[in-house]
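Visitor: I'm new to this structure and would like a close look at a single part. Could you take me to the place where two of the chains meet, and then show me a bit of what lies around it?

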Amino acid sequence: MIPSDETPEVTAEGGHGAVPTTGVPTGAIEKGQGVKRRDWPLYEVFVRGKRGLNHVHVGSLHAADAEMALHNARDLYTRRNEGVSIWVVKAEDITASSPAEKDPFFAPSGDKVYRHPTFYAIPEEVPHL
Amino acid sequence: MSPHEVHQGEHDATNAYQSLSETTEHDDPRWAFGTGFEDVEAEISAPVPEGTDPADLAAYCQMLGDDALIYSQRLSEWVANAPELEEEVALANTALDLLGQARVLLSRAGHVEGRGRGEDAFAYLRDQAGFRNIALAEQSDDLDFARCIARLLIFSTWRLALLHRLLGSADPVIAAVAGKGVKELTYHRDYAARWALRLGDGTEESHRRMQAGLEWAWPYVEELFRTSDEERRLVEAGVAVDPAGTREEFDAVLAQVLEQATLARPEVAPVGTIGGRSGRQGIHTERLGHVLAEMQSVAREHPGATW
Amino acid sequence: MTATDERSHHAFEDEFQATIDADQRIEPRDWMPEAYRKTLIRQIAQHAHSEIIGMQPEGNWISRAPSLRRKAILLAKVQDEAGHGMYLYAAAETLGVDREELTEKLIESKQKYSSIFNYPTLTYADVGVIGWLVDGAAICNQVPLCRCSYGPYARAMVRICKEESFHQRQGYELLLAMVNGTPEQKAMVQESVNRWWWPSLMMFGPADGDSPNTQQSMAWNIKRHTNDELRQRFVDMTVPQAAALGVTLPDPDLRWNSERQAHDFGEPDWSEFKAVITGAGPTNAQRVAHRRRAHENGAWVREAARAYADKQAAKKQEAV
């Protein structure tokens with residue numbers, strides 16, 4: 001917490017602007033220390049915008065199960081466009097290679113594959129994305 | 001520069017500054033999403049089908065339109081109140097779909113009536129007795145998600161059955177709304193049914209709450225299948241469907257969902273009528289007055305304003 | 001740490017900086033300095049919180065929107081903001097935090113959101129002015145973020161910027177309609193501009209001299225322009241738009257400086273800014289309490305969905 005008699009450092013970044021940058025916990029350190037994961041699992045979403053194209057990774061979302069993930073993906077990533085095909089995959093089920101085969105060394109974030117890149121650029125043909 | 005490059009330049013996603021210099025003359029398709037207008041605008045001014053009383057048709061468009069408008073108004077109360085961000089998006093989408101249906105139907109009512117009233121005149125300048133929606137639409141669920149799902153399941157199952165039968169309506173606007181609406185309502189019903197399963201067969205608490213949600217909504221079910229005089233006459237003209245004819249489908253769908261969700265069909269008395277009149281005749285519950293007071297407040301505060 | 005570890009650590013650091021210097025993107029599984037990761041988590045989380053909290057001031061007017069078209073637009077806009085929040089939380093999750101944890105930090109007031117959302121929306125003109133000024137200022141901040149060094153954040157921003165430009169347009173279009181409406185409507189717009197102008201300028205943060213973190217963020221290509229540069233750009237962009245609307249920006253010192261080829265303008269009230277930032281703004285408590293209520297009221301629903309998914313999975317297991 002920021003004591004009210006002190007002036008916090010502030011950044012203009014973070015989109016809508018001025019937010020403090022000091023005295024703000026990130027959650028990065030405490031992670032995994034006996035905290036029971038209570039939120040819905042993360043799913044990665046792949047969309048085929050139209051016939052003839054590959055499914056392309058468009059992002060991720062949370063859902064209790066795969067059906068809910070499909071439903072939510074249609075709402076969020078395709079604006080319910082008919083005719084598109086969607087895959088959802090539980091992020092923790094993805095096995096990924098590591099950049100430049102450096103796996104043994106990069107302990108900080110290389111432990112879990114589910115921290116997978118999101119928001120790939122997608123072809124212009126994909127509607128409303 | 002090739003035309004293709006010019007095209008790409010115009011759609012440079014990173015150059016959001018462009019936006020202000022671009023025209024705002026007509027609705028961008030992005031904003032028309034959920035309003036339904038782009039599909040049926042041309043048909044709103046279509047002639048009244050032969051053998052149809054324009055007053056009956058205008059009344060019927062208000063019935064279907066008011067159900068959607070008032071329920072959309074209630075659903076949008078969930079904005080910034082949903083149990084998870086994913087549900088924020090889903091509930092707002094549903095409210096937008098219904099609002100879109102309402103706008104087309106009320107515009108059609110205005111055209112058929114021929115007194116120069118547009119969608120906003122219907123939404124903002126009618127008094128309570130002018131609204132023809134069913135009581136289920138106007139109730140407050142008090143932001144109880146179980147009630148929200150119970151009502152959505154009931155409403156979408158019923159409306160989907162209606163719209164299915166209206167695909168062949170002799171009125172081209174109603175048929176067009178049904179065409180788009182069937183897809184939308186299929187989606188709403190699917191969403192509600194899946195949540196009914198999760199809540200009914202989730203935890204003890206969610207089961208209890210979901211059952212209570214059903215008990216809350218159930219007294220308003222019977223009205224859905226009551227046929228008004230206008231509807232009866234329009235059925236003969238091939239414009240409307242008799243809501244009583246959707247009861248069987250409704251019961252079958254609900255039975256299937258409730259059984260799988262380990263929920264019991266409520267045994268509660270329906271809310272009564274006044275001299276046989278209810279929502280379709282402009283006789284409402286006490287809740288509608290509050291809905292309208294809120295919805296119409298700004299519009300009525302500024303007569304003659306343009307928005 | 002052994003000598004070998006030490007050497008490879010330096011090698012990683014060099015490679016990281018080389019990637020940044022070549023204006024390439026850092027991706028989630030790349031090695032990155034802990035400070036870079038923490039800076040990003042904090043920034044992306046605060047950005048995500050701003051989107052979610054930002055739904056409240058505008059959501060306040062959905063039920064009362066004065067035309068059905070305006071209602072549909074506002075509903076779609078606020079829904080977009082939920083979507084933006086989801087994109088951003090997902091980007092933060094690539095850095096090793098969970099959305100649930102971040103939400104907890106928000107409702108415990110341990111993480112912040114943009115100060116602008118601690119002001120109330122008092123008339124329907126505020127819906128337009130938020131679109132025009134607040135989303136306009138956000139766009140100034142966000143467009144450079146589309147080239148931010150962290151890949152998932154940059155990609156989320158491309159999507160968000162696209163939609164934000166619609167948000168700004170709808171706001172400006174509403175204001176145009178209002179200033180061309182009744183005299184009361186025009187007065188309503190001016191009154192709203194008077195309230196939102198200074199808070200909008202404060203969205204860019206304090207003057208560069210009081211913003212010590214800027215340098216490191218710029219070295220990491222997280223930040224591309226200083227606070228004052230962005231504020232100047234916003235003012236220069238907004239002045240002709242205000243003229244087109246026929247509204248006055250409430251700053252007696254605002255004038256064109258032909259020498260600088262830019263507008264001179266007055267100093268925001270930084271003491272008000274500090275009060276809002278430290279929790280004493282007009283609606284800080286209300287916004288956080290609202291978010292907490294929604295989250296806590298939804299706990300049983302999220303729990304039920306998990307329980308149901310577990311039961312279904314167990315059934316599938318049995319069937320095999």
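Guide: Here is a walk through that meeting place, followed by a look at the chains themselves. Keep in mind as we go that this is a predicted model.

Let's start with the contact between chain A and chain B. Chain A brings 14 residues to it, and chain B brings 18 residues. Together the two chains bury about 1600 Å² between them, and carbon and sulfur atoms give 52% of that area. On the side of chain A that touches chain B, you'll find four nonpolar, three polar and seven charged residues.

Now for the pairs that cross over. Six residue pairs, with both partners at pLDDT 80 or more, are in polar contact between chain A and chain B. Two elements of chain A, β4 (56–62) and α1 (66–77), each give two or more residues to the side that touches chain B. The biggest giver is α1(A), with seven residues on that side.

Side chains of opposite charge can pair when their charged atoms come close. Between chain A and chain B, two salt bridges turn up. One of them links Glu67(A) with Arg194(B), and their closest N and O atoms are 2.7 Å apart. The side chains of Asp65(A) and Arg198(B) also meet in a salt bridge, at 3.7 Å from N to O. That pair joins two chains, because Asp65(A) sits in the loop between β4 and α1 of chain A while Arg198(B) belongs to helix α10 (residues 172–200) of chain B. Both Asp65(A) and Arg198(B) are buried.

Let's follow chain A back from the contact. Strand β4(A) is largely enclosed by the rest of the structure, since six of its seven residues are buried. Its partner is strand β3 (residues 42–48) of chain A, and the two pair in the antiparallel sense over six bridges. If you want one spot to look at, find Val47(A), which stands opposite Val56(A) in β4(A).

Zoom out, and chain A has one helix and five strands. Read from the N terminus on, these elements run β-β-β-β-α-β. Chain A has 129 residues, and 51% of them count as buried. Take the contacts in chain A between residues at least 6 apart in sequence: 44% of those join residues at least 24 apart.

Asp56(B) forms a salt bridge with Arg233(B), where the closest N and O atoms are 2.7 Å apart. This pair links distant parts of the chain, with Asp56(B) in helix α5 (residues 54–75) of chain B and Arg233(B) in helix α12 (residues 229–236) of chain B, 177 residues apart. Asp56(B) has 6% relative accessibility, so it counts as buried. Arg233(B), at 46% relative accessibility, counts as partly exposed.

Another salt bridge in chain B brings together the side chains of Arg108(B) and Asp171(B), at 2.5 Å from N to O. Here too the pair links distant parts of the chain: Arg108(B) is in helix α6 (residues 85–113) of chain B, Asp171(B) is in the loop between α9 (145–166) and α10 of chain B, and they are 63 residues apart. Arg108(B) counts as buried because its relative accessibility is 0%. Asp171(B) counts as buried as well, at 0% relative accessibility.

One last stop is chain C. There, salt bridges that share partners join Glu58(C), Lys77(C), Glu81(C) and Asp135(C) into one network. Over all chains, the structure holds 41 salt bridges. Look for Gln111(C) in the loop between α5 (99–107) and α6 (125–142) of chain C. With 2% relative accessibility, Gln111(C) counts as buried.

As for chain C overall, it has 13 helices and two strands. Its C-alpha trace spans about 70 × 55 × 35 Å along its principal axes. Of its 320 residues, 66% count as buried.

Terms used: Residues numbered from 1 in each chain as written. Chains lettered and ligands numbered in written order. Heavy atoms only, no water. Contact = heavy atoms within 4.5 Å. Buried area = accessible area lost by both parts, 1.4 Å probe. Salt bridge = Lys/Arg side-chain N within 4 Å of Asp/Glu carboxyl O. Polar contact = N/O pair within 3.5 Å; in protein donor to acceptor, adjacent residues only side chain to side chain. Helix = DSSP H or I, 4+ residues; strand = E, 2+ residues; numbered from the N terminus. Nonpolar A, V, L, I, M, F, W, Y, C, P; charged D, E, K, R; others polar. Buried < 20%, exposed > 50% of the residue type's maximum accessible area, 1.4 Å probe, protein only. Pairing = 2+ DSSP bridges.
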